[in-house]
Amino acid sequence: MEFTLRSGMLLGAAAAATQIEGGDQNNNWYDWYRQGHIRDGADPSVATDHWNRWREDLALMKEMGIQCYRMGVEWSRIEPADGVFDEKAIARYREEIQALRDAGIPVLLTLHHFSNPLWLEERGGFAVRDNITCYLRFVRKMVENVGDLVSEYITINEPNVYAYNGYFEGTWPPGRKSFLEMSRVMTNMAAAHIEAYGLIRKTRLQMGYRDTRVGFANHLRAFAPRDPENPLHRFWASRAGQLFQGSLTRAMCLGKASFPIGRHPSIVPGRYCDFHGVNYYSRSTVSGPSDGVADRCAVNDLGWEIYPEGIAEVCRTLYDMLPRPIYITENGTCDNQDRFRARYIAEHLQALCRSGLPVERYYHWCFCDNWEWTEGNTARFGLVHVDCASQERTVKSSGAFYRRVIAEGGVSEALYREFCGAAYPGEEEDA
């Protein structure tokens, strides 16, 4: 394998506030942990203690040559009670963002990443249309306070995953199991994004800035029929893609609502993203109404298929729908022993660079091993190892590989041979 990165493409890393900061117990995910829903019982109010150790993490980013950083803010820290804002928390975020800028690492700021303040959750979260106004108040507050430092924003992260896991499968907070509620949440989140898109751009313009870029980060999968010759398998693959991501993506990008997205006065035809944010991890193989994995395929340590070609496939679909720059806002893999992560990165970057698409950013998920939602500390995605007891950080082999890719502007045959020789799980079984 040998390839050169696309001209102007920046390689960075991504993180979510709830998964790294620690110290906050005022959000729905701490409450979900308290109810006993985390696989290993790990406490999100510990996480990786980034709230206190952010300077140490920034020093590691600089050492590794990280070129851009997608970071999130914890809404419950900023607005701990309805309409009550913590100016010290906002100042703390400003300090970190300013330090990143001073280090030459521009910030893509995520405003909502699965986590709600408890007061909002108790009022029904995004299942209640009127709560959109609370979200927009928070968005305005953040842009007014950091808009001079941040020009690029993610309004909402993975609204499809938030709605599906929390309101249909019931495996995430608030633990509901209702297709109608899932549909309502997706509809309200689409409307919230559209309204926030205009609000952010307007607020920044009033501050004198014209270089604003706003998007959202959707979780996109490649969907494939288990038997391509079987019409039922083809139908279910198409249907799954529509229900999980297609309809919501069109609503949020173009303001065009289709099932399961319902009517909302804010969802009207238009253009509501300045870039496409793509979170890509895997492919789903479908033969019926349930999800599946292909037979005898390479998988990661969570059993997700490793399918590098899919990252270009989903990006092509988005770009054909609406030509916009592409940011890979998340891409990474659960590899608890750091055996095959470097290979995974190389193969996905190669697929992007060969696609001919305008991919401008690649944010690896994630920088440090973090608290991985219901998996707790059992699933490791980081370029940097974190010892959960001591919080000691150690750059992994895959982190060293990523540093070299950034420094060398691509992957040479020698670099690939040095770091990427391991087989994926599944390949080993077939050998």
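I began with helix 5 (residues 87–102) and helix 7 (residues 132–146), which pack at an angle of about 50 degrees with their axes 10 Å apart. This is a predicted model, so I kept to its limits: local features need pLDDT of at least 70, side-chain atom pairs count only at pLDDT 80 or more, and totals for chains, interfaces and linings use all residues. Residues are numbered from 1 along each chain as its sequence is written, and side-chain values use heavy atoms, with hydrogens and water left out.

A note on terms for myself: helices (H or I, at least four residues) and strands (E, at least two) are DSSP runs, numbered from the N terminus. Axes are lines fitted to C-alpha atoms, for helices over the stretch in contact, and angles run from 0 to 180 degrees between N-to-C directions.

**Helix pairs**

Helix 5 and helix 7 are therefore oblique to each other; angles under 35 degrees count as roughly parallel, over 145 as roughly antiparallel, 65 to 115 as roughly perpendicular and the rest as oblique. I noted that helix 5 passes helix 7 in a right-handed crossing (the near helix is turned clockwise from the far one by less than a right angle). In helix 5, Glu87, Ile90, Arg94 and Ile97 meet Lys141, Asn145 and Val146 of helix 7; contact means heavy atoms within 4.5 Å.

Next I looked up helix 8 (residues 159–169) and helix 10 (residues 231–254), whose axes are 10 Å apart at an angle of about 130 degrees. That angle makes helix 8 oblique to helix 10. Their crossing is right-handed. Here Pro159, Asn160 and Val161 from helix 8 meet Phe244, Gln245, Leu248 and Met252 from helix 10.

**The core**

I found 140 residues in the largest nonpolar core, and Leu109, Leu111, Tyr135 and Phe401 have the most contacts inside it. Such a core is a set of buried Ala, Val, Leu, Ile, Met, Phe, Trp, Tyr and Cys residues joined through side-chain atoms within 4.5 Å. Helix 9 (residues 179–206) gives the most to this core, with 12 residues. Leaving aside neighbours within four places in sequence, I listed the contacts of Leu109, among them Met71, Val73, Ile97 and Val146.

I found Trp29 in helix 2 (residues 28–34). Trp29 counts as buried because its relative accessibility is 1%; buried means under 20% relative accessible area, exposed over 50%, partly exposed in between (1.4 Å probe, protein chains only). Beyond four places in sequence, its contacts include Phe114, Trp172, Trp371 and Trp373. I also checked Val150: its C-alpha atom is separated by 27 Å from that of Trp29, 121 residues apart along the chain.

Thr333 sits in the loop between strand 8 (326–331) and helix 12 (341–353). With a relative accessible area of 1%, Thr333 is buried. Its side chain makes a polar contact with the side chain of Asn300 (3.2 Å); I take that as a pair of N or O atoms within 3.5 Å, where within protein one must be able to donate a hydrogen and the other to accept it, and residues adjacent in sequence count only if both atoms are side-chain atoms.

Thr378 counts as partly exposed, at 27% relative accessibility. Its side chain reaches the backbone oxygen of Glu375 at 2.6 Å. Not counting residues up to four places away in sequence, Thr378 touches Arg39, Asp40 and Asn336.
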